[in-house]
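Colleague: I'd like to learn how to read helix packing from a model. Could you walk me through one?

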Amino acid sequence: MTIAAILDGKGDSVISTSGDASVADAVTLLAEKRIGAVPVLSGRTVAGIFSERDVLYCVAREGAAALNRKVSEVMTAPAITVEPGESVLGALALMTKRRIRHLPVVEAGACVGFVSIGDLVKYRIERIESEAEAMRVYIQTA
């Protein structure tokens, strides 16, 4: 099971922002899409990740004035990324080790997808349930 399989199931459309966007605009995007993070792209290259945590940290430091800053000033960079060929278990281990919830998927330097820990866990559960059902059918027909 690879990250490419996850992208096949969810599609490769990536909601993103640019480093020049204001923090307020990026927060609006997160709220409208009901998501926790977006990759920050420069062209198709991942410059960083902007997440709810970044908002909390900059607002705690600077108050409401932080909303006027550029995303590039408060994003988490460099971003930890994976390639489409990475295993789902490898990506889950990386996310657990680094205490992150989102990974940009990069191929040949370009962002080709974005996965969350929820995407990976959902995929693993579906696979386990599918394997268990196949085992039940096998046992019943044997």
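Modeller: Val88, Leu89, Ala91, Leu92 and Met95 in H5 meet Ile117, Leu120, Val121, Tyr123 and Arg124 in H6; contact here means heavy atoms within 4.5 Å. By class, that contact has 9 nonpolar, no polar and 1 charged residues. Ala, Val, Leu, Ile, Met, Phe, Trp, Tyr, Cys and Pro count as nonpolar, Asp, Glu, Lys and Arg as charged, and the others, Gly among them, as polar. Helices (H or I, at least four residues) and strands (E, at least two) are DSSP runs, numbered from the N terminus.

Before we go on, this is a predicted model: local features need pLDDT of at least 70, side-chain atom pairs count only at pLDDT 80 or more, and totals for chains, interfaces and linings use all residues. Residues are numbered from 1 along each chain as its sequence is written, and side-chain values use heavy atoms, with hydrogens and water left out.

Colleague: At what angle do H5 and H6 pack?

Modeller: Axes are lines fitted to C-alpha atoms, for helices over the stretch in contact, and angles run from 0 to 180 degrees between N-to-C directions. Helix H5 (residues 88-98) packs on H6 at about 140 degrees, with the axes 10 Å apart. Angles under 35 degrees count as roughly parallel, over 145 as roughly antiparallel, 65 to 115 as roughly perpendicular and the rest as oblique, so H5 and H6 are oblique to each other.

Colleague: And how do H1 and H6 pack?

Modeller: Helix H1 (residues 3-10) and helix H6 (residues 117-141) pack at about 95 degrees, their axes 11 Å apart, and are therefore roughly perpendicular. On the H1 side, Ile3, Ala5, Ile6 and Lys10 meet Asp119, Leu120 and Tyr123 in H6. This contact has 5 nonpolar, no polar and 2 charged residues.

Colleague: Now burial. Which residues of H3 are buried?

Modeller: Buried means under 20% relative accessible area, exposed over 50%, partly exposed in between (1.4 Å probe, protein chains only). In helix H3 (residues 52-62), Asp54, Val55 and Cys58 are buried. Seen down the axis, they fall within an arc of 100 degrees, so they line one face of H3; the arc is that of the directions from the helix axis to the C-beta atoms.

Colleague: What do those buried residues pack against?

Modeller: Helix H2 (23-33), strand S3 (45-51) and helix H4 (71-74). The face of H3 turned away from the buried side carries exposed Leu56, Tyr57 and Ala60.
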